[in-house]
Structure formats: structure tokens, C-alpha cells
Amino acid sequence: RRADPVLRTVSPLGWVAIGAVLLGGPLGWRFGWIELRTLTVLLIVVLLVAVAFTFGRWNYDAAIELGTRRIRVGQTALGRVVLRNTSPRPAGSSILELPVGRNVAAFRVPRLAAGEEHEEVFQIPGRRRSVIRVGPVRAVRTDPLRLLHRQRQWTEPVELFIHPEIVRLEAVALGFLKDVEGVTTQNLSSSDVSFHALREYVPGDDRRSIHWRTTARVGKLMVRQFEETMRSHLLIVLSLDPDSYRDAADFELAVSCAASLAYASLSEERAVTIHTAQETLSFPNAVIMLDQLARLELSRAGGASLREVALDGARRVPDASVAAIVTGAVEPAELRGAQLAMPPEVATFALRCDQTLTTSRRRASNLIVLDVPTLADLPGGVRSLR
């Protein structure tokens, strides 16, 4: 275990050189082969030079700085790596490695005087929705032949969120979501905002609910009775099944549609929950919602059908008043099955996201199905829900 940090510095080519020294040296001196002796001495000199290049003290202080940690698809994130020599002596040249997702960027750090700083600027294009892990910054030392390789980590990694593209939906275009008092239930209450009827006073009723005009007219105490209301809660059931989408672009369209619906609802201070076969996402604001959607990937998740996912979503979000089923170009019968998994009092509509479809609004029994080939078609489709 103690030797492991040293052994890991030797590259495969380095092990070949060491093996040649250990094997060729004894053979050359035993059999008098001048060539092997010369090669052994040369390799020993090369290995000693590699040690001189690779080993030594590091006295750096490094930091990763991103201009912003959240961008949209199509934007570019700018950042920089700052390296500072904290020792009282000059620091030799080295290589700086910066992992960015699955790739690694390498920079050459020049010789730094005591207290001197070096800055490397980089940019990350947001080609697709994702969460990119940037860092950690690693200082690397190696010799010209790369026989030895030594590195040290200087920073912790940071995450760059590439949010899905969204389109803003007008408040008047929210269709089913447009309500003031909420959705009334069958539960009666003595205090709420939705008036139901008058009834005779019974001991224990709140006297503030007494309707004095009716009391004076009928000659006995009468109190107001209300229907309990349920504030609008949008449940978005998003399919992650790869078989539901023609290609990855259609899935990105579905995520963008779900994000746009959630963003519009959150802007109206409505409750929103996004449910998938893998997890149920709830969030206090739009930024956290977009962060969580940036992590979503296609997954079969045990082969759960769309109906099973919708049924699980209805169970986990019992106070939902509106449900949106967002998927690819699946058959209307499958969408209808998902709707039947919802409670009857939940207003449900479906979005089929496929770039080969034409914009349309149709019905599968009493389920409204919107075909959305592009994100720009979503506002018009949602307006038709009113």
C-alpha cells in the first residue's frame, strides 16, 4: 500500500524501460554484450532524467471559476482556471488537466515565480441538455518520453447545468390551469372561499359564519356552509421509455414541453409535480425544476407501461387537479389507458411530441390529445384547451 502511489506514476512504456534494465543489464554484463550494456546505461540515464522531471514539491493554489453555472441549450458557458504559486521559490513548468464531462482538456503551465498567477480561459458549448461535471483541476508532471506520470488534484469538481429549451406560455393560455378559487371538492366546511348553502346553527359553529339577514328573516340562527376547495396542482407524467420516441430529438422535445408547462404554472404560483418511471420531481422554483430536468435520461425503468407510470403518479400526487401526459407518438389507446389511471375529477390532456407529426388537436374518447411537432407549436395547442 505504501508503494502504490509510486508504482502508479510509472506508465506502461516506463515499465518496459524498467524491465529492459532489469533483464538486459545482468545479461549484458554476464555474457559481455557491449550493446546490452550500452542500452542498459542509456535507459538508466533516461529513467533518472524522467525522475528529475516528474518528482518535486507542488505549491500551487488552484480554482475553477464559471461565469454562470446554468445555461440553455445552444448557449456557451465561459470559465477560467486560476493557478497561483504559493511557495517562496519559483515553480517549474507543468501540465494542467481539466476534465470536462467525458473529455479532458490539457494546458501547459509556464514556470511561475513566487506568488505569480497563471490563468487559462475555456468555454463549454451547450450542445444538448445535460449536467456536465467540470474538474477537478489536476496538475500533471511527466517527462518528455512519458515514462513517468504524476498528478495531483487541486480543486473539487463543479457542475454546469444545461437547461432544456422552453417556450413561454401566456397566463390566459393555460387552459385547465386557469382558475381563481381552485377545484371544489365534495367535502363541506364551515370556512372556505367557495360558498355552498345556508344551514341551521348547531353548537360549536363559528359565530363569524352566522348569516344575520337570513337569521332575522326566519327567526333562528343560520350559518354559511362552504365547499372545500383544492388549489390547482399540475401533475406532469413524462415518459422515459425509449420505445415511446422515434429518436433522441423527440425526447428532448418532450422534456422541453414538460419544462414549459411547469414553468408557466410556477410563474402563476401553482403547484407542479413531474412524475417519471424513475422518480417524482417536486421543486420550490423554476430554477430547481430546470436543474432536475437537465439530469433526465431515457430509461426503461423495469418496463413499466405508460398506464402504470400514470397510476403511480396519481397515487403519489393525490391532490392533483390537472394532469398532462407527455410522451412520443404512441397510440391513442395507450394514452386513453393512462387517462383512465387518473381519478375522474382530474382534468387530463396529452401531448404527443414527434417531429414527423403535424400540429393537430384530437380526441380519444373524452381525452384531448395535442400533436406537437415543434416547441413553437405548444402555445397554440395549449390555448386550444380552454
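Predicted model: local features only at pLDDT ≥ 70, side-chain atom pairs only at ≥ 80, totals over all residues.

Q: Which residues touch the most other members of the largest nonpolar core?

A: Met289 is one of them, along with Ile236, Leu238, Leu261, Ile274, Leu351 and Leu378. The core has 42 residues.

Q: Which helices and strands each supply at least two residues of this core?

A: The helices are H5 (248-267), H6 (286-294) and H9 (378-383). The strands are E14 (233-238), E15 (271-275), E17 (322-327), E18 (347-353) and E20 (367-372).

Q: And where does the largest share come from?

A: From H5, with twelve residues. In soluble globular proteins, nonpolar side chains tend to be buried together.

Q: What lies apart from that core?

A: Another core, of 24 residues. Tyr60, Leu66, Phe122 and Ile132 are among them.

Q: Tyr60 and Leu66 are in strand E1, residues 60-66. Which residues make up its covered face, and which its uncovered one?

A: Tyr60, Ala62, Ile64 and Leu66 form the covered face. Asp61, Ala63 and Glu65 form the uncovered face.

Q: How many bridges join E1 to strand E3, and how do the two run?

A: Seven bridges, and the strands run antiparallel. E3 covers residues 76-85. Leu66 has Gly79 of E3 opposite.

Q: New topic, the seven-strand sheet. In what order do its strands come?

A: The order is E16-E15-E14-E17-E18-E20-E19. The sheet is open, and its pairing is mixed. At the edges are E16 (280-282) and E19 (360-364), each pairing on one side only. Ignoring direction, neighbouring strands are turned by 20 degrees against each other on average.

Q: Parallel or antiparallel for E17 and E18?

A: Parallel, with six bridges joining E17 to E18. Val322 stands opposite Ala347 in E18. In general, strands of a sheet pair through backbone hydrogen bonds, either parallel or antiparallel.

Q: Let's stay on E18, with Ala350. Buried or exposed?

A: Ala350 is buried because its relative accessible area is 0%, and the cut-off for buried is under 20%.

Q: What does Ala350 touch?

A: Ile325, Leu335, Leu367, Ile368, Val369 and Leu370, not counting residues up to four places away in sequence. Take Leu335: Ala350 and Leu335 are 15 residues apart in sequence, and their C-alpha atoms are 7.1 Å apart in space.

Q: And Leu169, where is that found?

A: In the loop between strand E10 (158-163) and strand E11 (183-189). Leu169 has 10% relative accessibility, so it counts as buried.

Q: Switching to pockets. What is the volume of the largest one, and which residues lie nearest its centre?

A: The volume is about 410 Å³. Nearest the centre are Val100, Asn103, Ile124, Pro125 and Ile132, out of 20 lining residues. Ile132 also belongs to the 24-residue core.

Q: Which strands each supply at least two residues of that lining?

A: E4 (94-100), E5 (103-109), E6 (117-125) and E7 (130-134). The largest share, four residues, comes from E6.

Q: How many cavities of 30 Å³ or more does a search of the whole structure find?

A: Two. The second largest cavity holds about 30 Å³ of space. Its lining is Ala314, Val317, Pro318, Ala320, Met342, Pro343 and Val346.

Q: Now the backbone. Which peptide bond is described as cis?

A: The one from Gly135 to Pro136, with omega near 5 degrees. Pro136 sits in the loop between E7 and strand E8 (138-142). Most residues other than glycine have a negative phi, and most peptide bonds are trans.

Q: What about phi of Glu269?

A: Phi of Glu269 is positive, near 60 degrees. Glu269 is in the loop between H5 and E15. At 60% relative accessibility, Glu269 counts as exposed.

Q: And Ser365, where is that?

A: In the loop between E19 and E20. Ser365 has a positive phi too, about 60 degrees, and is not a glycine. Its relative accessibility is 53%, so Ser365 counts as exposed.

Terms used:
Residues numbered from 1 in each chain as written. Heavy atoms only, no water. Core = buried A, V, L, I, M, F, W, Y, C linked by side-chain atoms within 4.5 Å. Buried < 20%, exposed > 50% of the residue type's maximum accessible area, 1.4 Å probe, protein only. Pairing = 2+ DSSP bridges. Axes fitted to C-alpha atoms, helices over the stretch in contact; angles between N-to-C directions. 1 Å grid on protein atoms, 1.4 Å probe; cavity = no way out; pocket = protein on both sides within 12 Å on 5 of 7 lines; lining within 4 Å. Points joined across faces, edges and corners; volume = space filled by probe spheres on them. Contact = heavy atoms within 4.5 Å.
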